[in-house]
Structure formats: C-alpha cells, structure tokens
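This report describes one structure in plain terms.

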Amino acid sequence: MADELRRYALAALFGAGRRELVEHIPHCVRLGMEVLHVGPHVARVRLPYREEIVGDPVRRVVFGGAITTLLDHAGGLAVFASLPDLASIATLDLRIDYLRAAAPGHDLVGEATCYRLTTHVAFVRASAWEVRAEDPFATCLATFMVGANPSLSPVARAVRDREGGAG
Amino acid sequence: MNAARALATIPYARFLGVRLEEAADGLVCVLPFRDDLVGNAALPALHGGVVGAFLELTALVELIAQVDDDRVPKPIGFRVDYLRSVGPRDTRGRAEIVKHGRRIANVRVLAWQDDAAKPVAAGTGNFLL
C-alpha cells in the first residue's frame, strides 16, 4: 500500500468493484446496489434500473427518494473513505436538487466527494447521472455526524474481514 | 387521483409497502418495518435513503390528495433533516402544504415512530405541479 494511503482507515478497500462494502447492508442488497469505486474522499455507486423503484408510472422515471438512497449511500461511503480511523457515521441532513428527470431504463450512477472533514461533522457533495457524468440529473449536498463507536459502523466488518484475510 | 390510488399506482410506494391511515386531522402515511429496509444492521436502523424517500413520498401523496389532476407532481428539490435513529418499528409521516401556488407547491413533512412529539426526521420540498 502506498504510504500516502496508510492514513485512511478504509485504504485496504480502495479500488473498483468493492462488493464487501454493500453486502452487509440489507437495503443495498435489496436494491442491487453496487460500489463501482472507492478512493480517498470519493465513492461511486450504481443503482440498477428496476420497475419497482419507478415513481411516475406514466413517465417511468425513478422515484426521487430512490435517488436519495443512492446519494446518501455514496455520501456515507465517501465519508468512510476520508476517515483516518474507522468511526460510526450518521446522515445529519441531505438536500437534493432534481435537475431533470432521469431517462427511463438506465442504471443510475451516484458519485460523492467528502470535501471537508472535521472532528464531528463531514461535508459531502454528490451528483447522479445515467449516461454522462457531465450531465447529471441530480445534485446533492449532505452533512454527516462522525461518531466514536466504530463497532456500529456497517463497513467495520468489511474492513475487519479484509485485514484479517489475505489483504 | 386520490391518495390511496397514488400509493397503489406508484411502483416505488408499493415497493416500500407504504399504506394510509385516516386520522381525524388529515392523512398519515405508514411505512411498515421490514428487514430489507435496514441500512445499519448493527443498530439496527432504517437506511437514511429510505427515510428520505418516505418523507418525499408522504409529501407527494398529500399533494396528490389536494390536486385534481392525474399527473404526478415533479419534485424540484427536497431537503431532509435526520433527527433521531429510525429503529426497527413502523414509521409514520404527515405532510403539510405550506404554499400551494399555480405552478409550485411547497410541502413540509415530519416522520415519527412511537411518539409524534419526537420526530425522527423532517423534510421540506418544492414540487412542480
């Protein structure tokens, strides 16, 4: 592991296709969410298009709240990917702007960046797109509380498994 | 479209399993607890996204109940404040239309579990009618 990555608690899990970061989270499993990439301060997550998450039965557009789930999750992972030591986190507030309707039938991708981390609060911005990252259909700002008890963190197990194993 | 029909026709509302409760002072949406809505199994607590989605759905249903139109209003923006951990129990939500303009409606929502005086989350959003 490169020296500059050692200061991140999640460094062992940085990279593409990190299934272990969602497989312990029941709702992510239910939605078929996939972690595409996690790196220092950033996370990219995919939410597959499914009829059951449609919000407008006429336009076949995914429900806004499902996009909240995608961006909340990407945001949480971006915070984990910023922490020097594993901690529990909780979303404090989240604000989404729906710039346009997401095109029906496409998987949705959300990417979040934790742009500021303080002792107790992490600040995140995120966006979501279905075709091109430069043309997002939603943007988002969120804050997360950073707590003390890492055993309550859903990624703690993934990190433990990784460090206890070959990684 | 009325509120009950909205919940029956919006696929995501069926996915969450949200149902209506007729209270004396208006509509209450109920999100029954289900294991696959959990975001943190260690607590356990509902996924923050589910809580946000439930608030937005509650706002939308209230709006649909007030508007005589078959179209579903489009969300422009929505903000959620997470106030307490949302435990493995049913969650209830109630929305209030703050302003109902010609094109835009502003809606406020509160969600609670055991005690309506102790909300677990608050939301506010603008919708294009």
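## A helix in chain A

Helix H2 (residues 64-80) of chain A has 17 residues, which at 1.5 Å a residue should span 24 Å, and its end C-alpha atoms are 24 Å apart, so the two agree. The expected span is 1.5 Å times one less than the number of residues. Helices (H or I, at least four residues) and strands (E, at least two) are DSSP runs, numbered from the N terminus.

H2(A) is mostly covered, with 17 of its 17 residues buried. A residue is buried if 20 or more other C-beta atoms, placed from the backbone, lie within 10 Å of its own, exposed if 12 or fewer, and partly exposed in between.

## Basis of the model

This is a predicted model, in which local features need pLDDT of at least 70 and side-chain atom pairs count only at pLDDT 80 or more, while totals for chains, interfaces and linings use all residues. Residues are numbered from 1 along each chain as its sequence is written, and chains are lettered from A and ligands numbered from 1 in the order in which they are written.

## Where the chains meet

In chain A, 32 residues are in contact with 31 residues of chain B; contact means C-beta atoms, placed from the backbone, within 7 Å. Strand S6 (89-98) is one of the elements of chain A that give two or more residues to this side, and S6(A) gives the most, with 9 residues.

S6(A) pairs with strand S5 (residues 74-82) of chain B in the antiparallel sense over 5 bridges; pairing requires at least two DSSP bridges between the strands. Asp93(A) stands opposite Asp81(B) in S5(B).

Conventions: Two residues are in contact if their C-beta atoms, placed from the backbone, lie within 7 Å.
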